[in-house]
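Dear colleague,

I am handing over the structure below. Notes on what was found in it follow.

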Amino acid sequence: MQKLERLLNLTAVLLHSGRPMSASELRERVPGYPDSDVAFHRAFERDKDDLREMGVPLELEEIPGADPPLDGYRIPRARYYLPDPGLEPEELAALQLAASAVQLDGVEGVEALWKLGGSASDPAAATIPTVAAIPTDPNLSPLFEAVSRRAIARFAYRDEERTVHPYRIGFQRGHWYMRGFDLGRDAVRLYRIDRIDGTVEVGSPNAFEVSDDDDADPNLVSEGWQLGVEPPVRCVLRVDASHVPAAMGHLDEGAVIETLPDGSMLVELVVTNRYAFRGLVLTYLDHAEIIEPQELRDELVEWLRQVPGVSS
Amino acid sequence: MAAPGAGGVIVSRVPAGDRVRRLLALIPWVTANSPVAVDDVCRRFGISRSALLADLEVLPFVGVPPYTPDTMIDVDIDDDVIEMRLAAPFDRPLRLTAPQALALIAAGHSIRAVPGADPGDPLQRALAKVAAAMGVDPDRVHVDLGDVERSTLDALSTAASDRRSVEIGYFTYGRDEHSQRVVDPLRLYADRGNWYLAGWCHRSTDVRVFRLDRIDSVRMLDQTFEPRPDASTLAVFRPSDTDPRVTLDLDASARWVIEQYPCESVDELADGAVRVRMAITARPWLERLLVRLGPAASVVDADTDLATAGVDAARRILAVYGVPGSSEPAK
């Protein structure tokens, strides 16, 4: 019980004073700390960790006028207080419903709702079973902060250090992606967040403007064979009748050239990534055939001859 | 005020940190809305009556120096009504953390795809308000739970809630075949970028999981079904001990396989290559993997007839392209 009281008082004292306070000053002002120096420091360290873990902005800064120089702790009110979003009861209920149906793994959504005023209605009436869980990644939150505060993100990706103006993040096809302007490459790039090595470092806010290069299309990821940078090649693919339903999951209706008498279908694709295109075609095993161009037919045949055992 | 834990109030076993989280949100709300009924606070903040009363007992000891009565939180509980004053340092809740804000925005963005759960305009307004309070542009986050035909999702959702059996056209990717099945739809859910239906399959006489983007038709049947035991714990991929296993050597260029598919063991070899062991529930799945990997994968060891899966598939495909002799069996 003592700890609950102490954490609340520590927060109250720091919020109230608004100025940096030293550890010894806090020990004096906040009731409930143990008497011995060792035990105090241990308890104080734990309290700081607890507050930071809750998201309390506990900052370390030099105490003005202290001689010799001394660091103190401060909770800036502007960073602590949630501005009142002014939610109407029906808006809070809608948020509650959304948060119960779709959850981000490892995030206490319910605490976010408490901060916004708790459950607006009878929980039993307003909850539906969780129907979707979205995976998370340790770098997701720093990147979200970087996107929302327009801060530069630095990280290692494919064995290279990247410095990026992050424009947006998105979850598609089971993965989180970030799109941003890569300063080293002088171009907009797409990154799969779970392939970032180590930790993303986030710089100071308002460091860039989102450039006009960033189109409004919220879909970050196109189909694989459209993702490359190779010169576009027009291809015609024949898909067996049995596999047409599966293929249409990847294709626009507009891709269909014609349906043949046996029910198989000719479709047209514009390929800018031959590697991804080969992966797509081989997904259908012997139920699909590249009709043209001849060059891609030859490449596929050559590839299959390299499957261990085929040419032996 | 009684000593902590006295007066018949059960001392909560919830860690202090968790109780602080709740109190930092609860104090501002109760102060702003005083007087409020105890029951209302319990419902709003998902807390039991005894836990709430235990937490409120602490508040008269919370305040700022010099800790005189006029600087301490003033709480009165009378006739099941709470009145709270003088909570000045806590007159607004703590900001949402970045993950919390992201979770709300992600949930709000994806909810439109969830059948029967689209609260429409109030949600849009709520998201805009929360994002503005957080200084965030909600349009910079996009969430797509998976490609799915809205009509398929709606039809199956209706069937599940009405307990009506359906006949679906389904493409079994693993076995590479298309079939019609009668299914009692039990549960619809999205996981890692795909939508799934868990249902009782009449053909298999067992619970099966179907990927919605491989369902190409749904026909509502007249027959109804009784609810079955919860299907929520179903895993999407459940290899059994009796499924055959293969061991593959993968070049460094094929390491993505480890990230993409469940491997039972992964051993590092020289030059970034790895040796992996996987359970194979259907041969065409392995065929596909091996022809896609081409020279980057070789079979080290395989149960049943799986050792020739890659060669067999490559020869069948080569035959489609009219490559002579390619359909002949090995050696």
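Strand β2 of chain B and strand β3 (residues 81–85) of chain B run antiparallel and are joined by 5 bridges. The model is a predicted one, in which local features need pLDDT of at least 70, side-chain atom pairs count only at pLDDT 80 or more, and totals for chains, interfaces and linings use all residues. Residues are numbered from 1 along each chain as its sequence is written, chains are lettered from A and ligands numbered from 1 in the order in which they are written, and side-chain values use heavy atoms, with hydrogens and water left out.

Helices (H or I, at least four residues) and strands (E, at least two) are DSSP runs, numbered from the N terminus; two strands pair if DSSP finds at least two bridges between them. B:Asp76 has B:Glu83 as its bridge partner in β3(B). The open sheet has 3 strands in the order β1-β3-β2 (chain B), paired antiparallel. Because β1 (36–37) and β2 (74–78) of chain B are at the edges with a single partner strand each, one side of each has no neighbour in the sheet. Helix α1 (residues 16–33) of chain B packs on this sheet and touches β1 and β3 of chain B (contact: heavy atoms within 4.5 Å). The direction of α1(B) makes about 100 degrees with that of β3(B); axes are lines fitted to C-alpha atoms, for helices over the stretch in contact, and angles run from 0 to 180 degrees between N-to-C directions.

**Strand β10 of chain B**

β10(B) pairs antiparallel with β12(B) (residues 274–279) over 6 bridges, where B:Thr247 stands opposite B:Arg277. Another 5 bridges join β10(B) to β13(B) (residues 297–302), also antiparallel, with B:Ala302 as the partner of B:Val246.

**Between the chains**

Helix α5 (residues 89–101) of chain A packs against helix α4 (residues 98–110) of chain B at about 90 degrees, with axes 8 Å apart. The two are therefore roughly perpendicular (65 to 115 degrees). A:Leu95, A:Ala98 and A:Ala99 meet B:Leu104, B:Ala107 and B:Gly108 there.

Regards

Definitions and conventions:
Parallel < 35°, antiparallel > 145°, perpendicular 65-115°, else oblique.
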